[in-house]
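Hi,

Here is the model I promised to pass on. Have a look at it first, and my notes follow below.

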Amino acid sequence: MNGTLEETSALLGGIVGLWDDAFKKVEVAVCPPFTSIGLALDKLSGRGVQIAVGAQNCHSETKGAFTGEISTRMLAETGCTYVIIGHSERRTIFNESNDFINKKIKAALSVGLKPILCIGESHEERELAQTYEVLLHQLTEGLRGVEPAKMKMMTIAYEPVWAIGTGRTATPDIAQNAHSYIRSEIAKLYDETIASQITIQYGGSMNAANAAELLAQPDIDGGLIGGAALDAKAFISIIDAATKI
């Protein structure tokens with residue numbers, strides 16, 4: 001929940017101003033607040049950059065008495081490409097269940113949106129050695145009923161809750177181990193081809209200083225950037241690091 005229209009315009013202007021053609025080899029998207037989606041689409045269109053626009057959340061129903069919510073059909077109409085689903089803040093602050101998250105994913109896929117499914121363990125769960133148990137449960141429940149053909153639309157984001165907004169970051173080894181585990185479980189749920197092709201991002205305080213080391217890991221395909229994306233230079237530095245892997 002960051003960025004007025006003026007602030008978002010300035011941030012995107014900074015990103016566009018620093019864009020380099022070399023960045024086209026990296027898939028980049030920004031997910032601003034709902035109120036800035038239209039602005040982002042206008043600001044990025046025809047500027048010589050390849051940046052998609054997504055939303056931070058959605059509802060599972062097409063329409064109805066859900067005051068304050070946004071449907072996937074509404075998002076698709078705006079021109080959005082992606083939608084973040086199951087972010088840890090939605091799970092913890094708003095008590096979103098795996099079942100609700102699963103319904104959202106299916107709703108997004110039904111209108112052609114690409115869901116970014118977030119999964120990750122809390123500090124307490126990590127201390128209790130429950131990381132893999134939590135990841136498997138959130139992954140299998142989130143993808144329940146998603147057909148293999150639809151998996152090409154999916155992105156998985158591993159975001160250890162203990163590293164979000166805290167300044168703490170999983171070491172490259174810790175992050176790699178979690179990503180490798182997620183990929184191996186996707187292979188079991190689907191097959192090796194789908195597992196090898198799916199994008200698995202790291203979402204635990206990736207920034208300009210640690211991006212290169214994290215992205216160099218074999219199973220970390222990208223980043224779900226939080227605070228660092230609020231600074232154009234920092235965000236561009238992360239994109240630049242990705243081009244060098």
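Helix 1 and helix 2 (residues 37-44) are roughly parallel to each other, because their axes cross at roughly 30° and angles under 35 degrees count as roughly parallel, over 145 as roughly antiparallel, 65 to 115 as roughly perpendicular and the rest as oblique. The two axes come within 10 Å. Axes here are lines fitted to C-alpha atoms, for helices over the stretch in contact, and angles run from 0 to 180 degrees between N-to-C directions. Helices (H or I, at least four residues) and strands (E, at least two) are DSSP runs, numbered from the N terminus.

Before I go on: this is a predicted model, where local features need pLDDT of at least 70 and side-chain atom pairs count only at pLDDT 80 or more, while totals for chains, interfaces and linings use all residues. Residues are numbered from 1 along each chain as its sequence is written, and side-chain values use heavy atoms, with hydrogens and water left out.

Back to that helix pair. Helix 1 passes helix 2 in a right-handed crossing (right-handed if the near helix is turned clockwise from the far one by less than a right angle, left-handed if anticlockwise). On the helix 1 side, Leu5, Thr8, Ser9, Leu12, Gly13 and Val16 meet Leu39, Ala40, Lys43 and Leu44 of helix 2, contact being heavy atoms within 4.5 Å. Those residues split into 6 nonpolar, 3 polar and 1 charged (Ala, Val, Leu, Ile, Met, Phe, Trp, Tyr, Cys and Pro count as nonpolar, Asp, Glu, Lys and Arg as charged, and the others, Gly among them, as polar).

Ala40 in helix 2 is buried, at 0% relative accessibility (buried means under 20% relative accessible area, exposed over 50%, partly exposed in between, with a 1.4 Å probe and protein chains only). Neighbours within four places in sequence aside, Ala40 touches Leu12, Pro32 and Val53.

Helix 1 (residues 5-18) also packs against helix 11 (residues 232-243), at an angle of about 45° and with the axes 9 Å apart. This pair is therefore oblique, and the crossing is right-handed. Leu11, Gly14, Ile15 and Leu18 in helix 1 meet Ala232, Lys233, Phe235 and Ile236 in helix 11; these divide into 6 nonpolar, 1 polar and 1 charged.

Ala22, in the loop between helix 1 and strand 1 (28-30), is partly exposed at 40%. Ala22 and Thr243 are 221 residues apart in sequence, but their C-alpha atoms are 7.2 Å apart in space.

Now the core. A nonpolar core is a set of buried Ala, Val, Leu, Ile, Met, Phe, Trp, Tyr and Cys residues joined through side-chain atoms within 4.5 Å. The largest one has 64 residues, and Met151, Met154, Ile156, Ile182, Ile186 and Tyr202 touch the most other members. A second, separate core of 7 residues includes Tyr82, Ile116, Ala157 and Leu224.

Most residues other than glycine have a negative phi. Asn95, though, has a positive phi of about 55°; Asn95 sits in the loop between helix 4 (88-93) and helix 5 (98-110) and is exposed at 63%. Ala129 has a positive phi too, near 60°. Ala129 belongs to the loop between helix 6 (123-127) and helix 7, and is exposed at 72%.

Cheers
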